[in-house]
Number of protein chains: 2
Amino acid sequence: MPRKSRPAPEAPAKRAKLSSHHRSGLTESAEDYLECISNLIGRNGYASVSDVADELDLIRPSVSIMIKRLADLGYLRREPYRGFMLTPKGEEVANSIQERHAVLSEIFRLMGLNPDQFYADIEGIEHHISDAALPGFRKLAKHLAKFPMK
Amino acid sequence: MPRKSRPAPEAPAKRAKLSSHHRSGLTESAEDYLECISNLIGRNGYASVSDVADELDLIRPSVSIMIKRLADLGYLRREPYRGFMLTPKGEEVANSIQERHAVLSEIFRLMGLNPDQFYADIEGIEHHISDAALPGFRKLAKHLAKFPMK
DNA sequence: AATAAAAGTTTAACATAACAAACTTTTGGG
DNA sequence: CCCAAAAGTTTGTTATGTTAAACTTTTATT
């Protein structure tokens with residue numbers, strides 16, 4: 001028996017969008033890119049597609065595409081063949097991730113876990129600390145400094 | 001100018017696989033399903049596609065598809081129209097997530113953050129605590145119980 | 001037993017994010 | 001200046017995970 005045909009759906013006006021599952025309105029992956037770019041700029045003064053690809057262990061086309069999107073969304077500005085800079089919007093996301101990373105590293109250290117050895121844990125967790133929870137984590141780090149675990 | 005044609009790539013023998021970015025060899029999403037199923041079984045004695053869909057705020061087809069995959073991968077067994085049970089392999093994953101959830105809830109509580117209000121944080125973080133880090137988190141909970149933050 | 005409701009599945013479409021191959025642009029060394 | 005290497009982009013494919021619509025199967029009610 002022939003299947004009933006479905007009506008053709010309206011053509012959706014598709015705009016560049018990142019499905020925003022996070023605090024920042026960006027995906028974990030996008031947050032990782034911004035964090036990485038900020039780190040590279042801090043270290044080298046600039047960041048390029050190739051730099052980011054090396055750092056995140058991705059290939060250049062993958063990075064190229066994400067960079068274009070982040071630029072379209074206003075998180076960074078590109079100057080062809082001479083890297084990119086974060087916009088204030090991009091800086092804000094990068095800073096928020098970097099602070100979470102730093103706080104988590106400190107907490108891990110105070111827990112007796114070498115942050116270098118738990119880099120993957122920290123990289124995973126840092127995307128899931130809400131703004132509301134962050135002060136609690138800062139306090140935890142202070143508390144552990146005052147009342148050490150060992 | 002006509003584009004040069006690419007050689008047809010070998011047909012990859014595709015098997016049911018979940019790209020394993022995590023400790024368990026499963027994705028976060030798959031871990032969420034197993035955690036949820038285990039919780040439902042604990043509460044109700046069994047879990048169904050509809051139960052899981054309600055709980056995780058997904059629609060039945062989404063759940064149906066993932067359940068089929070988890071069954072194919074040996075994490076659970078289905079009895080048509082009467083729910084499913086976790087296999088030992090599935091239990092193991094569920095237990096590991098549940099323990100992380102419990103430890104994190106306790107730590108949040110001891111940090112002065114109501115776990116109910118930070119459910120999303122905990123649900124996100126629980127997938128990123130490695131086996132190697134878990135004992136550290138357990139110790140942290142004990143330590144905070146002994147040396148309270150407020 | 002009939003049938004309506006509930007439960008589950010199939011199909012098609014989409015978004016994200018990755019890779020590989022091929023192509024283009026820029027830059028730097030000779 | 002030329003041209004090769006480096007940098008970047010385009011195109012095509014894949015995997016994951018989701019929705020929506022339509023369909024099928026089971027269960028339960030009368």
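Copies are superposed by least squares on the C-alpha atoms of residues with pLDDT of at least 70 in both. The model shown in the figures below is predicted.

**Figure 1. Chain A and chain B, related by a rotation.** A rotation of 180° superposes chain A on chain B, with 0.0 Å of shift along its axis and an RMSD of 0.0 Å. That is the relation of a two-fold axis. The contact surface is shared: 100% of the contact residues of chain A recur in chain B. Which residue of chain A comes closest to the rotation axis? It is A:Ile125, whose C-alpha lies at 2.5 Å.

**Figure 2. The side of chain A that touches chain B.** Contacts link 19 residues of chain A with 19 residues of chain B. Two elements of chain A give two or more residues each to this side: helix H5 (119–125) and helix H6 (134–146). By class, the side holds ten nonpolar residues, seven polar ones and two charged ones.

Figure 3. B:Ala133 sits in the loop between helix H5 (119–125) and helix H6 (134–146) of chain B. Is this residue buried or exposed? B:Ala133 counts as buried because it has 21 C-beta neighbours inside 10 Å, and the cut-off for burial is 20 or more. Leaving out residues up to four places away in sequence, B:Ala133 touches A:Leu113, A:Phe118 and A:Asp121.

**Figure 4. Chain A as a whole.** Chain A has six helices and two strands. Along the sequence they follow the pattern α-α-α-β-β-α-α-α. The C-alpha trace spans about 70 × 50 × 25 Å along its principal axes. The radius of gyration of chain A is 20 Å, whereas a compact globule of 150 residues would have one near 15 Å. Of the 150 residues of chain A, 33% count as buried. Among contacts in chain A with a separation of 6 or more, 49% join residues 24 or more positions apart.

**Figure 5. Confidence along chain A.** The mean pLDDT of chain A is 90, and 90% of its residues reach 70 or more. Residues 1–14 of chain A have a pLDDT below 50. Beyond near neighbours in sequence, this stretch has zero contacts in the model. Where pLDDT is low, the predicted coordinates should not be read in detail.

**Figure 6. Helix H1 of chain B and its packing.** Helix H1 of chain B covers residues 28–44, 17 residues in all. From its first C-alpha to its last, H1(B) reaches 24 Å, close to the 24 Å expected at 1.5 Å a residue. Buried residues of H1(B) include B:Ala30, B:Tyr33, B:Leu34, B:Cys36 and B:Ile37. B:Glu31, B:Asp32, B:Glu35 and B:Ser38 are also buried. What do the buried residues of H1(B) pack against? Their partners in chain B are helix H2 (49–56), helix H3 (60–72), strand E1 (76–78), strand E2 (84–86) and helix H4 (88–110). Just after H1(B), B:Gly45 takes a positive phi of about 90°.

**Figure 7. A:Glu28 in helix H1 of chain A.** A:Glu28 lies in helix H1 (residues 28–44) of chain A. A:Glu28 is partly exposed because 18 other C-beta atoms lie within 10 Å; a residue counts as buried at 20 or more and as exposed at 12 or fewer. Setting aside neighbours within four places in sequence, A:Glu28 is in contact with A:His22 and A:His127. A:Glu28 and A:Val49 are 21 residues apart in sequence, and their C-alpha atoms are 18 Å apart in space.

Figure 8. A:Tyr81 is found in the loop between strand E1 (76–78) and strand E2 (84–86) of chain A. Although A:Tyr81 is not a glycine, its phi is positive, at about 65°. A:Tyr81 is exposed, with 7 other C-beta atoms within 10 Å. B:Asp57 lies in the loop between H2 and H3 of chain B. Phi of B:Asp57 is near 60°, again a positive value in a residue other than glycine. Why does B:Asp57 count as exposed? B:Asp57 has 6 other C-beta atoms within 10 Å, and 12 or fewer make a residue exposed.

Note on methods
Residues numbered from 1 in each chain as written. Chains lettered and ligands numbered in written order. Predicted model: local features only at pLDDT ≥ 70, side-chain atom pairs only at ≥ 80, totals over all residues. Contact = placed C-beta atoms within 7 Å. Helix = DSSP H or I, 4+ residues; strand = E, 2+ residues; numbered from the N terminus. Nonpolar A, V, L, I, M, F, W, Y, C, P; charged D, E, K, R; others polar. Rg over C-alpha atoms; globule rule 2.2 N^0.38 Å. Expected span 1.5 Å × (residues − 1). pLDDT = per-residue confidence, 0-100.
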